[in-house]
Amino acid sequence: MSYLRFEKALMTNLEESLPKELLRTNRSGAYSCSTIVDCNTRKYHGLFVIPIPELDDENHVLLSSLDTTVVQHGAEFNLGLHKYQGNNYSPKGHKYIREFDCDKVPTTIYRVGGVLLKKEFIFQAYEMRLLIRYTLVDAHSATTLRFRPFLAFRSVRQFTHENSTASREYTEVPGGIRTCMYAGYPDLYMQFSKENRFVFQPDWYRGVEYPKEQERGYASNEDLYVPGYFEMDIKKGESIVFAASISEAKTSTLGKLFDKEVSLRSPRDNFFHCLVNAAHQFHYRTKNDERYIIAGYPWFKCRARDTFVSLPGLTLSIEEQDYFELVMKTAERELRDFMQGNPQTGKMAEIEQPDVPLWAIWAIQQYAKEAGKDKCIEMYGKLVADILDYIIDGNHPNLTLDDNGLLHTDGKDKAVTWMNSTANGRPVVPRTGYIVEFNALWYNALRFAATLTTDAKRVSQLEELAEKAKVSFVETFLNEYGYLFDYVDGNMMDWSVRPNMIFAVALDYSPLSQPQKKSVLDICTRELLTPKGLRSLSPKSGGYNPIYVGPQTQRDYAYHQGTAWPWLGGFYMEACLKLYKRTRLSFIERQMVGFEDEMSYHCLGTISELFDGNPPFYGRGATSFAMNVGQILRMLELLEKYQYQY
């Protein structure tokens, strides 16, 4: 049985099937995302969603959905599903679903009387082309298929509504048509591998509703344009391939192209393979052959901090060192542009955040473990040295090295850490001054950099700085209750119990002693640990707000005030293994169960952005998040090493 397979009983129960989402990407920024019953519940959902750089920096939904109708003996059976206002679902095609399987490619089996129809879909790698294959597995009489495309031609952050501006023009092309609703958009080609008849029957389907947008306090209704329908006969055993693209396809090759793309896919037949598949979905290659990591789907773009935190897990932990080097090549260019004061021309956002260069060094440190110190020095030795000199020389606009050896940051008016939620233009958590994870990363970076050079004078300088930072770190952050202040700004100490102190235990070089590490880890275990990672705030601390629901402002105040984050759980597990070695293996394995459960919930085969901090720890936010996937993959690798090496 497939690892991700759902029977008729679940698929036809919308309470169970609608919350389960499915994401496919093409590694060039395009994606296809919906629920497993093909009912769009977010404005970000769509069958064919692509970036259009000529318009803006957003993704755009061109083809929202494609309704399939089975026609036999003059009777029509529509397999589509849309939600309309008033909690009305139509045409309720989910009731024909017999099973859904998501092993190599998403596959849905429909049964309509004696008709058994299989639908499989896939994105062509690095091409803006979606392929759907329909196979008539069984039929007892003549069968016709009819396809209605629902067009949007709009940004993922907007809605489309019935209007007189939208163009109804179309041009016939081999196997289908091409059309474009608005100027500035590329033509959408909709073609089939089999000759068909297109019937021009333009209409607007009004009042399509997206319940996930309602939950989040946004507008939630739109109208979708249907230009007509394609119709063709299909015989038992025959397969027909549909292609949606922004360039014309050679229809005679669509069948072979689909087979080729399937052969390139790895099965999602266990927890690890699901995460590997998810890791690949964050890959992004530009037309200039630059490589990036997309921070998450469906709305995130490329962000610097997210890239460096997730990169080792997404690449090195699955033996893809070459992709690490490709992404780091692009990232190094953008880091150097920033450090040299050059205009930012790349796609990596938030590179000015003060902890970004520290996370870059951490990522390189993980590379050294996999590739060896000599290779690391060859590839990134100069970059590490230049980053440290940039900070030591006081050139970063918001990162100051004080006389006590610690890094100081101003975060009063603008969020500068990963806890970046804002309300009314100001940070919800104004972390400022000496920030605990910044300085844990700083100490770790100094010690690591000292191992990459044979220059005795340089080694002495770095070790002297590290020793000063170590003493000051303990004096500044460690309190009498055995945990670390989250940040210290002058006489103001933040006593909130937050997860950022875990980095001082998890990193390879820690300024804490063994007893101090154990004390910090114990408090994280007692107050922050959940089956879905570490809470962003202890329930015992003021302002605890663990449920991430409601309108934007309500969610902003909950974002880092008690919600649980799997990527933090990854560092927690690393800290456990470093402190307790094999004696904590079974405990860590049990923690992994909480993440494996997520493979069949929310977005299949991946990990949501965050989770409620209270039971039942429901997944929230973005459906797939790179830092979470990366850190869990890194922990799986670490678990294996401890099982066999320690």
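Two strands count as paired if DSSP finds at least two bridges between them. Strands (E, at least two residues) and helices (H or I, at least four) are DSSP runs, numbered from the N terminus.

Strand E28, residues 487-489, pairs with E29 over two bridges, in the antiparallel sense. Asp489 has Met492 in E29 as its bridge partner.

A word on what we are looking at. This is a predicted model, in which local features need pLDDT of at least 70 and side-chain atom pairs count only at pLDDT 80 or more, while totals for chains, interfaces and linings use all residues. Residues are numbered from 1 along each chain as its sequence is written, and side-chain values use heavy atoms, with hydrogens and water left out.

Next, the nine-stranded sheet. It is open, its order is E1-E9-E10-E11-E12-E19-E16-E15-E14, and the pairing is antiparallel. Which strands stand at its edges? They are strand E1 (5-7) and E14, and each has a single partner strand, so one side of each is left without a neighbour in the sheet. From one strand to the next, the twist averages 15°. For such angles, axes are lines fitted to C-alpha atoms, for helices over the stretch in contact, and the angles run from 0 to 180 degrees between N-to-C directions.

Now some pairs within that sheet. Strand E9 (residues 97-101) and strand E10 (residues 107-112) run antiparallel and are joined by four bridges. Glu99 stands opposite Ile109 in E10. Helix H4, residues 254-263, packs on the sheet and touches strand E11 (115-123), strand E12 (129-138), E16 and strand E19 (239-245). Contact here means heavy atoms within 4.5 Å.

At the E14 end, strand E14 (residues 170-173) and strand E15 (residues 176-179) pair in the antiparallel sense over four bridges. Tyr170 is opposite Thr179 in E15. Two residues lie between the strands of this hairpin, and Gly175 takes a positive phi near 80°. E15 is also joined by four bridges to strand E16 (residues 188-192), again antiparallel. There, Thr179 has Leu188 in E16 as its bridge partner.

On to a helix pair. Helix H9 (residues 373-392) packs against helix H10 (residues 436-450) at an angle of about 130°, with the axes 11 Å apart. H9 and H10 are therefore oblique to each other; under 35 degrees counts as roughly parallel, over 145 as roughly antiparallel, 65 to 115 as roughly perpendicular and the rest as oblique. What residue classes make up the contact of H9 with H10? By class, it has ten nonpolar, no polar and no charged residues. Ala, Val, Leu, Ile, Met, Phe, Trp, Tyr, Cys and Pro count as nonpolar, Asp, Glu, Lys and Arg as charged, and the others, Gly among them, as polar.

Last, one residue. Gly296 lies in strand E22 (residues 296-297). Is Gly296 buried or exposed? Gly296 is buried, with a relative accessible area of 0%; buried means under 20%, exposed over 50%, and partly exposed in between, using a 1.4 Å probe and protein chains only. Leaving aside residues up to four places away in sequence, Gly296 touches Phe282, Ser624, Phe625 and Ala626.
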